[in-house]
Amino acid sequence: MWLLRRKGPSGFSSSSTAEEVTDGIDGTGLTAIVTGASSGIGSETARVLALRGVHVVMGVRNLEAGRNVKETIVNENPSAKIDTMELDLSSMASVRKFASDYQSSGFPLNILINNAGIMATPFGLSKDNIEQQFATNHVGHFLLTDLLLENMKKTAVESEKEGRIVNVSSEAHRYTYPEGIQFDGINDESRYNKMQAYGQSKLSNILHANELTRHFKEGVNITANSLHPGIITTNLFRHFNYGNGLANTVGKLIFKNVQQGAATTCYVALHPQVKGVSGEYFMNSNLHKPTQHGQDVDLAKKLWDFTTNLIK
């Protein structure tokens, strides 16, 4: 599998691990939120950021699972600074409570990693009556980012360090609905396709980062980027009938492991090569081109306005 080891301009490849892409980087003094940090690439992202000295706040739906991950990380790295806070991205009330509790904690915020997600679920509506994948993968993170942005701006000024917003998207954004975002049919069960709906939510992650970049005025020392982590053998595949069997049979050949899967997230969050880079899409710890939809300025603006109305 030599193609997996071919390095890009960054010096890293799809087989690089999160520890490798952050080797020698000192994150002491930085504070990061990682959503969906109780399993998969989220927990590995939290572990490696903590290993580099970052104070990590894990936003998790299941507090017990989050505490177990924290315990594992601290047992391995006793100096790790880890906190867990409850966060259900499918509920705007939960997102607002998380943001309020975070502000009350007095923690600064240098890095926001919008990682949590669900994949190809059967049709369902969130507590706010929004299609579940769109609500969890996009709307919840859009609201969270909006509520924490002033903290990030303040932290960037006071720390004199660049703030970074990292949206974990997917190459599945290439398989969205033909129009990109189905604005007039988000909640239309008769038009619902679980993979296209997933692709739509992942395209939204890219467009969100792009539009954030355009909204940042001169003098705002914050970047926003999106990325594809790779195809990883995590529980995201639980809604596929063939998922576990596929992972067990050919997974070792075509899938990344969790250590490799968290690499691009950690690279975009911490690496000095990404300093000043914003509104870009990454894959395998290198710059990568999204689809035309993913570069569509008008679509990004329309999504921004559409989502802003949803969270009011």
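Two strands are taken as paired if DSSP finds at least two bridges between them. Helices (H or I, at least four residues) and strands (E, at least two) are DSSP runs, numbered from the N terminus. The model is predicted: local features need pLDDT of at least 70, side-chain atom pairs count only at pLDDT 80 or more, and totals for chains, interfaces and linings use all residues. Residues are numbered from 1 along each chain as its sequence is written, and side-chain values use heavy atoms, with hydrogens and water left out.

S5 and S6 run parallel and are joined by six bridges. Within this pairing, Gly163 stands opposite Ile222 of S6. S6 and strand S7 (residues 281-283) also run parallel, with three bridges between them. His228 has Met283 of S7 as its bridge partner. S5, H7 and S6 together make a right-handed β-α-β unit. Right-handed here means that, with the strands pointing away from the viewer, the path from the first strand over the helix to the second runs clockwise.

Burial is defined by relative accessible area: buried is under 20%, exposed is over 50%, and partly exposed lies in between (1.4 Å probe, protein chains only). Seven of the seven residues of S6 are buried, so the strand is largely enclosed by the rest of the structure. In a regular strand, side chains alternate between the two faces of the sheet. Both faces of S6 are covered. Ile222, Ala224, Ser226 and His228 are buried on one side, and Thr223, Asn225 and Leu227 on the other.

Asn167 is located in strand S5. Its relative accessibility is 1%, so Asn167 counts as buried. Contacts (heavy atoms within 4.5 Å) were listed without residues up to four places away in sequence. On this basis Asn167 touches Asn225, Ser226 and Leu227, and also Asn114, Asn205, His208 and Ala209.

Asn193 sits in the loop between strand S5 (163-168) and helix H7 (194-215). Asn193 is partly exposed, at 31% relative accessible area. Its side chain reaches the backbone nitrogen of Met195 at 3.1 Å. The C-alpha atoms of Asn193 and Phe123 are 8.2 Å apart, although the two residues are 70 positions apart along the chain.

A nonpolar core is a set of buried Ala, Val, Leu, Ile, Met, Phe, Trp, Tyr and Cys residues joined through side-chain atoms within 4.5 Å. The largest such core has 40 residues, and Ile33, Leu148, Ile165 and Ile181 have the most contacts inside it. H6 gives the most, with ten residues. Another core, of 36 residues, lies apart from it and includes Val60, Ile73, Cys266 and Val274. Leu148 touches Ile33, Ala99, Tyr102, Gln103, Leu109 and Leu112, not counting residues up to four places away in sequence.

Rings of Phe, Tyr and Trp (its six-membered ring) pair if their centres lie within 6.5 Å; planes under 30 degrees apart count as stacked, over 60 as edge-to-face and the rest as tilted. Eight aromatic pairs are found in the whole structure. Phe98 and Tyr102 form a stacked pair, at 6.3 Å centre to centre and 20° between the planes. Both residues, Phe98 and Tyr102, are buried. They are four residues apart in helix H5, and therefore separated by about one helical turn. Phe12, Tyr267 and Phe282 form one aromatic cluster.

Methods
A polar contact is a pair of N or O atoms within 3.5 Å; within protein, one must be able to donate a hydrogen and the other to accept it, and residues adjacent in sequence count only if both atoms are side-chain atoms.
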